[in-house]
Amino acid sequence: MKLSIVIPIYNSEKIIPTLINSINENLKNLKNFFEIILVNDFSNDQSWNTIIDLSKNYNFIKGINLKKNYGQHSAIFVGLKYC
């Protein structure tokens with residue numbers, strides 16, 4: 001990977017698809033050179049299911065599901081360790 005984008009997710013099920021579509025559109029020239037790592041920080045909504053669905057449709061999406069809410073900084077750190 002040339003570019004890894006780490007995004008912490010918390011109760012964002014409604015905006016995740018829009019975000020992914022926007023990133024994909026802006027980076028379409030970098031096909032196979034980027035990944036998006038979505039770190040679900042123990043959301044109360046269906047964010048994790050949205051991440052799973054998107055990862056089935058886009059091979060550049062990776063999902064991490066945290067077992068409790070650790071906060072934004074910790075979620076970003078987990079994503080950075082993954083990439």
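The face of helix H1 that is turned away from its buried side carries the exposed residues Thr18 and Asn26. Here exposed means over 50% relative accessible area, buried means under 20%, and partly exposed lies in between (1.4 Å probe, protein chains only). Helices (H or I, at least four residues) and strands (E, at least two) are DSSP runs, numbered from the N terminus. The model is predicted: local features need pLDDT of at least 70, side-chain atom pairs count only at pLDDT 80 or more, and totals for chains, interfaces and linings use all residues. Residues are numbered from 1 along each chain as its sequence is written, and side-chain values use heavy atoms, with hydrogens and water left out.

The opposite side of H1 may be described next. In H1, the residues Ile16, Ile20, Ile23 and Asn24 are buried. Seen down the axis of H1, these buried residues fall within an arc of 100 degrees, so they line one face of the helix; the arc is that of the directions from the helix axis to the C-beta atoms. An α-helix has 3.6 residues a turn, so residues three or four places apart point the same way. The buried residues of H1 pack against E1, E2, H2 and E3, where contact means heavy atoms within 4.5 Å.

Read along the sequence, they follow the pattern β-α-β-α-β-α. Residues 24 or more positions apart account for 77% of the contacts in the chain with a separation of 6 or more.

The overall dimensions come next. For 83 residues, a compact globule would have a radius of gyration near 12 Å, and the chain agrees with this because its own value is 12 Å. The radius of gyration is taken over C-alpha atoms, and the globule rule is 2.2 Å times the number of residues to the power 0.38. Along its principal axes, the C-alpha trace spans about 35 × 25 × 20 Å. Of the 83 residues, 35% count as buried. The chain exposes about 5400 Å², of which carbon and sulfur atoms supply 52%; accessible areas come from the Shrake-Rupley method with a 1.4 Å probe, and for residues only the protein chains shown count as cover. The mean positions of the 9 positive and 6 negative charges are 7 Å apart. In this count Lys and Arg are positive and Asp and Glu are negative, while His and the chain ends are not counted. The place of a charge is taken as NZ of Lys, CZ of Arg, CG of Asp or CD of Glu.

Most residues other than glycine have a negative phi, and most peptide bonds are trans. Asn11, in the loop between E1 and H1, has a positive phi near 50 degrees. At 34% relative accessibility, Asn11 counts as partly exposed. Asn32, in the loop between H1 and E2, has a positive phi of about 65 degrees although it is not a glycine. With a relative accessibility of 63%, Asn32 counts as exposed.

Glu25 lies in helix H1 and is partly exposed, with a relative accessible area of 48%. Glu25 and Gly71 are 46 residues apart in sequence and 29 Å apart in space, C-alpha to C-alpha. Lys28, in the loop between H1 and E2, is partly exposed at 44% relative accessibility. Between Lys28 and Ser74, the separation is 46 residues in sequence and 29 Å in space, C-alpha to C-alpha. His73 is found in helix H3 (residues 72-82) and counts as exposed at 69% relative accessibility.
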